[in-house]
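Welcome! Keep the structure in view as you work through these exercises, and try each task before you read its solution.

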Amino acid sequence: MNALTNAIIRFWQSSIGKKLIVAITGVVLVGFLIAHVGGNMLIFAGREAMNDYAYFLHHFLHGAGIWIFRGVLVVAFVMHIVATIALTKQNRAAKVENYQNEATNVASKSSRVMIWSGLTVLAFVVFHIFHFTVRVDPELAGMKESSGRHDVWGMVIVGFQKPLVVLFYFVGISLLCSHLSHGIASIFQTLGWRSRKSSEAINRLGLAVSVALWLGFLSIPLAASVAGFGSDEMETPVTDIADVTEEKR
Ligand code: HEM
């Protein structure tokens, strides 16, 4: 084994090494969520704005951009989960040795909550990818503009007409945001950016980002299902959209 492999193994075996992996991949994932909720807000700007945006994402760097981005996201997501599970096991083993230590018990209780909310979020993400990216529902997969472009805007509006789907999004996104309200502050802690003085402000920042993401993400299924957003436009056949030009194919 060479020195680099040894260093990587030692890094992985140490508790701080795994915490750093969880924190750095956490930054990537939170960054993705902020960008995703921002992009999703285009739903409220209308069908053309949203579909132009989705078209841009799928064709950036001649289509390679989305695959690079997906690669980074999958690696970050898998590393985040694997390192968290390994860290929980390591903490549990340490807890057996120090069972009388109050602080260790408190820490492992909160990490237990984190791991369960994290695993539910994983189930939500798998469902969401089958729902809107793989599009297993033929009705959603078949939604097209007259140019042949996929009608992402229409897919989201129609996708949220089923109360059970909306309920699942509500539960998944709420758990995700409760996971983040603890996770964002932990990132600062692990990276050594949290002092006794800044601790309260960092907790508030974590909470503010989580609440903003919760409101932003949930505004879409709630607008489409409860407030009837987009229902007028959905009555217009997609083939009647006049402003979709040939070059946008
Ligand atoms: C209700 C809120 C949300 C809406 C309306 C929404 C909408 C979408 C849509 C339309 C796509 C497919 C884009 C396309 O292929 O053109 C997508 C993909 C995706 N979304 Fe969401 N999303 C929401 C919440 C979330 C949340 C909370 C997460 C993370 C926990 C998430 C993670 C993803 C991922 C990982 C993809 C796959 C990206 C790719 O194509 O590679 N989304 N979302």
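A residue counts as buried under 20% relative accessible area, as exposed over 50%, and as partly exposed in between (1.4 Å probe, protein chains only). This is a predicted model, where local features need pLDDT of at least 70 and side-chain atom pairs count only at pLDDT 80 or more, while totals for chains, interfaces and linings use all residues. Residues are numbered from 1 along each chain as its sequence is written, and side-chain values use heavy atoms, with hydrogens and water left out.

**Exercise 1. Find the protein donors of the iron atom of the ligand and classify its site.**

Step 1. Donors are N, O and S atoms within 2.8 Å of the metal (3.2 Å for Na, K and Ca); water is not among the atoms, so sites may look incomplete. The protein supplies His 36 (NE2) and His 128 (NE2), at 1.9 to 2.1 Å from the iron atom.

Step 2. Helices here are DSSP runs (H or I, at least four residues), numbered from the N terminus.

Step 3. Six donors count as octahedral if opposite donors are over 155 degrees apart and all others between 65 and 115. The six donor atoms of the iron make angles of 88 to 178°, and the site is octahedral.

**Exercise 2. Is His 128 buried or partly exposed?**

Step 1. Take its relative accessibility, which is 21%.

**Exercise 3. Describe how the rings of Phe 127 and Phe 168 pair.**

Step 1. Rings of Phe, Tyr and Trp (its six-membered ring) pair if their centres lie within 6.5 Å; planes under 30 degrees apart count as stacked, over 60 as edge-to-face and the rest as tilted. This rule gives 13 aromatic pairs.

Step 2. For Phe 127 and Phe 168, the centres are 4.8 Å apart and the planes meet at 75°, so the pair is edge-to-face.

Step 3. Phe 127 lies in helix 5 and Phe 168 in helix 8, so their pair ties together parts 41 residues apart in sequence.

Step 4. Phe 127 also forms an edge-to-face pair with Tyr 169, at 6.2 Å centre to centre and 75° between the planes. Tyr 169 is buried, at 3% relative accessibility.

Note on methods:
Four donors count as tetrahedral if all angles lie between 85 and 135 degrees; four count as square planar and six as octahedral if opposite donors are over 155 degrees apart and all others between 65 and 115; anything else is irregular. Helices (H or I, at least four residues) and strands (E, at least two) are DSSP runs, numbered from the N terminus.
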